[in-house]
Amino acid sequence: MPISTIRRTCLAAVLAGAAMLSGTADGADEGLKVMQLPIRTDGPKSLDPVEGSTTYDNMACAQFYETLLTNKYASPMEMEPLLLTEMPTTEDGGTTWHFTLKDNVFFHDNACFPGGKGRKITADDVFYSLKRLADDEYKLENWWLLDHTIAGFNSFKRVQNWRRSMPGRADWLSGLDADAFKSTMFEREFEPRKAKAIEEAEKAWKSAKAQASGKELEGMTEAARREKIEQAASEALEAFHAALTDEDLETLASEFAGKGAAYFKSARFDYGADVEGFQKTSDTEFTITLTKPVYRFLYILGMFQTSVVAHEAVEHYGKDFARNPVGTGPFILDTWVPKQSLTANRNPNYHPVFYPAREEWSREDMRARLHRAAGKQVPFVDRVEFTMFVEDQPMWLEFNKGNLGYTQVPEDYFTEAFDRSSKELKEDFLRRDIRPHSNKLLDFTFRGFNMEDELLGGYTSEKRALRRAISYAIDLDEINETFYSGRRIVYDGPIPPGLEGYPENGRSPAAARGRNIAKAREMLVEAGYPNGEGLPPIRFVTSQNAINNAVSEMVKRQLAEVNIKFEPVFLDFSTLIETINKKKAPMFGFAWSSDYPDGENNLALFYGPNEAPGSNHYNYKRAEYDALYEQILTMGPSEERTAIYARMRDMVLDDCAYVGGMARERFYLMNPWLLNCKPTERYYGWFKYLDVDDSKRE
Amino acid sequence: MWNYIVRRTLYNIPVFLAIVLVLMIALRVNDPVSAQLGKNAGPEQIALLKHDMGMDKPLIVQYGMFLKKLVTLDFSERSWDQGFPVSEMIANAVPPSMAVTVPTLLITATIAICVGLVSAFNRGRFTDRMLMFLAVIGMSISVLVYIIIGQYFGAFKMGELVDGWPFQVTVNSDAGESPWFFFGPSNWLRYCMLPVMINVVVALGYDTRFYRAVMVEESQKDYIRTARAKGASVKRVMFVHMLKNAMIPIITRIMISLPFVITGSILVEVYFGIPGMGRTLINAIVAKDFPVIQTFTALFAALFIASNILTDVLYALVDPRVRLS
C-alpha cells in the first residue's frame, strides 16, 4: 500500500473517531423529505455517462445528468423534450435535425466553475458531450450508439484519436515535409500491422496443414499458401485504410505542415475541432446532420450515455470525474460508497420541470392516484438514499420493514407476496396498504440458429424444415412453468411485448410454435431425417449457469421425443460470445434487451450487414429483409411502418432463424409512504417525480 | 531469529513467484478484456484496453511489470469495474472486514479453547458428549442457513417484535464514506454484532472439535498425571500446564485463520452489506475486474506466506523446545 494511502487511511480513522466522539450523526435533518430506495445488485460502476452501460449506471447517472430528450413518465414508450424547448424538427425527412435548448438550465453549483456557481448550458456543451463518445480515452464503450450516424463524426473520431497518439511519434516525424509525413506514417504504421497479419496467416496455415489429411492436404499447395498470405496482407491494408483513410491522413498532414513535429509532441484529442454534422446557430440553437435519415437517432438522444456534461468538470476532476458528477439533473451527489450506497440532495437550481398533466395518465393510473401531483414542479423530495443489495433477502426484509419505498419482487419471494396462479397481491400485503405494479420488459430470450452452419443453416426447404422441426419439438410453456413459475411471456417474433410489431396475443401464424410433436415429425420427414434417422447431434452453445444447465436438460428431453439428439455445451460468457462471433456455434442460447423502445432495434438483429461479429449472431441474410430494414430506418411511427415490422417479423419466423422468444415480467411492490410511483425500466429519470408521505411510515 | 526469518523469506520467494505466474496464466486462459467489455465491444475497443493494460505485450513482460508493481507496492492501477485505484479499494475494504473478523477470531478462539478444555477434561461423560453433539450439529449446517435464518430472526423478526432492537438487516447509507464507520461502538452493535455472532456459531463447531482433540491428547500425557499426583488443582492443570503445552497446535490454528481476518467473510459481508474485502473480491470476480482480482490474489498469497513464517517464529517464542535453525 503506498505511504500516501496509509496516511489517508490513518487520517480517515482519526476523523471517524473524532466524529464519533462528538456525537455527530449522519442522516437527514428534521423536516426534510427523505426517500430510501434500493438498487438491486451492486449498483453503478461509474457516474460518468460515457463510461456507463448497465442499468445501474443509468439509474445513478439519470439523477445527476440529463439528456436532450427523455421518456414520458406517464407513457414511457414515448419521448418528450427534457433539455429542449420542444421536440427536434426536421424538414428533409430526418437527415437534418434542429434543436433549441431551454434557456434556463444550469449545471450544478460546483468547485469546477468560477466562484463555484454552475453556468448555463449551451449548444457547445451538447457537442462536447457527444464528442466524448468518440474519445478512445473512455474506451469507446458507447461509441456504437453514434457510429456511422452523424456526418463527419467517424472521421473526427479517427483523426482526433490519431492526434492523441502522435506525441509518441514526434521523434521520427521531425524533419519531414508533408508528403514525407504521409508516406512515413503509412510505412511506420502499416508495415508492422501487415507483418503481424502475415505471421498470423502463416501460423493458421501451418496449424490447418497439421490437421489436414487426404484430399484436403492435396489442396494445400505452395500456391494456395501464397494466396492466403496475400489475402491476409490485402485485408490488413483494407483494415488500415478504414482506420486511417486518405482523407484523415490529409487532415493530419496539413496540420503537420502548418505546425510541425514539435507541435505534435503535445497533440491531444481536440474537442474544439469541427464535426461536419454539428452546426451551432446560437448558444441555444443548433443543428445535427446525419449521414442518412435514421429515426432511432431521437431515441439515442434520450439514452443516458448522451447526457450533457460540463467540460470544466471533466477537466477539473480528470480521472475522478466518474465519481464527481456535475450535470443539470434534479439531484446533486452527496456520497457514493461503491457497492454500498449512494445519496443525493435536491438540486436547488433545477430548471422548471413539471409533473405530468392529468390528461396524460391512463384511467388505471388515475385509479392508482398517480395524477395527484399533476402540474406541480419537481422534484418533491429533498434527499434520495439508495442502498445496493447484492442478495435479495436483505432487500426484501428491508422493504417489509418499511425502510425502502419500493422493491422489485425477487423470483424467490414471488409467492410470498402474490398468488401464484392469479398473480393477485396477498391479503397480508393489501392490509399494509402495499401497492403492486408490473411491467413487461423488452426482452428477447431465444435459442438461435447459425444460418451459415452446414447442418442447421441455409434457406432451402429442407434446411428450413429441420429448424422448424426443432422449434415445434421444444415446449417453451413447459420451460416457463417449470423454471419461472409461468411468469415469463412466451411470444412469437423478435419484437418484445409492448412495442409495435408485437403480434396480437403474442402469436403469429408464421411461427413454428411448440409443442407440436406431429408437426415436428412431419418437418423431419421433409428435412430428409424421418424419425430423426441420420440426423447428427445438434450442438447447442450457451452460457454456464445453474438455470441454463437445467433448462438445457429439459430441452434435451423434449427433443429426444422426436429422436433429435441435443448436445448442450456450456461456456463462460466471453467464450460464448467469441464462439458465436466466429460463427462456430450451430445453435446458441442468448438474450437481448432492447436498447430503445422501438421494434427496429430487435429487427436489426437479423439485418444482413450486421452479421457476426455484429449483432446479427444468426448470420441471417435475406435481400428482401435487408431492403425493408433500410426502409424502416428512416420511418417514424405509422401504420405503414408497423405493417412492415410485421412482415419482417414473419419473414424471420417463417425461416425459423431461432426458437423463442420469451420476455420477463417484472413485479414491484410499493410501500404506502412512497407516492407517485410507477416504476419503469425504460429510463431512470423518473425518481424526481416521486414524493414521500412520512405520516404513512410505520 | 532474524537470520531464520530472512532465510525463510528467501526460501518462499520462488514459491511466491510461482504462485504469481500461475495466477497470471490462469487469468489469461480466457481473454479477460473481451470478458469484461461484453457483447457490444468491437475489436478496436478490445485492442485499446489491452494496450492500456499492457496485455498486448508478451506474458513474460507482463509478469515482470506486475512483479515490479508488487515489489514497489504500487497498486495505483485502477479497477476496470469501479475506476478506483486498487490501493484505495484495499484501504477502504480492510477496516470493515476487520470489524467483523477480528472479534470473530478472538471470541471463537476463546470459547472454543475453553469448551475444548472442559470437554477434554470430562472426556466420555455427558458434558463432553453433549458439547460434541452440538459441535457436530453446528458443523453440519451450511453457513448460508445460519446467515439467512440469523438475518431473518435476529434482525428482521426481532426488530418487529422488540422496540429499539439494535441489530439491522443491512448497512444502509448511514454508513457514509468512512471505512472506519464500523468501529464506532453503536455502529458496531447495529451492523456488526449479529454477523459476528453468526460467524462465531459457524466456526465454533470446527474449532471446538479441533481444540478438544488437542486437549485430549495433552491430557493423556505423563506430565498431567504428575501434576495431578502432586496435588495441582484442576483449574491449574487445565489453564497453566495443559494450555501452555497445547500452544503449538493452538497457534497453528489461529495463524491459519489470520489471513482470513484481512480477506473477510464473503457471504456474511454480502448479506449484511458490509463493504469488506470478501465482498470486494467477489464483486470483482463477478464483474471480471481483472486488475483487482490479480492484485488481491497476489496479496493474499503473500499474506499466507507471511503468516506461515510468523507461525514458525511464534512456535519458538511459546515453546522453548523449538529452536529456529
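**View 1. The two domains of chain A.** Chain A splits into domain 1 (154-264) and domain 2 (443-666), with bounds that come from an automatic or database domain assignment. Taken over C-alpha atoms, the centres of domain 1 of chain A and domain 2 of chain A are 39 Å apart. Keep in mind that this is a predicted model, where local features need pLDDT of at least 70, side-chain atom pairs count only at pLDDT 80 or more, and totals for chains, interfaces and linings use all residues. Residues are numbered from 1 along each chain as its sequence is written, and chains are lettered from A and ligands numbered from 1 in the order in which they are written.

**View 2. An open sheet in chain A.** Here four strands line up in the order 1-11-8-7 (chain A), with mixed pairing. (Strands, E, at least two residues, and helices, H or I, at least four residues, are DSSP runs numbered from the N terminus; two strands pair if DSSP finds at least two bridges between them.) Strand 1 (34-40) and strand 7 of chain A are at the edges, each with a single partner strand, so one side of each has no neighbour in the sheet. From one strand to the next, the twist averages 20°, with axes being lines fitted to C-alpha atoms, for helices over the stretch in contact, and angles running from 0 to 180 degrees between N-to-C directions.

**View 3. Strands 8 and 11 of chain A.** These antiparallel strands are joined by five bridges. Look for Ser341(A), whose bridge partner in strand 11 of chain A is Thr387(A).

**View 4. Where chain A meets chain B.** The contact draws 40 residues from chain A and 47 residues from chain B, counting residues whose C-beta atoms, placed from the backbone, lie within 7 Å. Helix 1 of chain A gives the largest share of chain A's side, six residues.

Key: Two residues are in contact if their C-beta atoms, placed from the backbone, lie within 7 Å.
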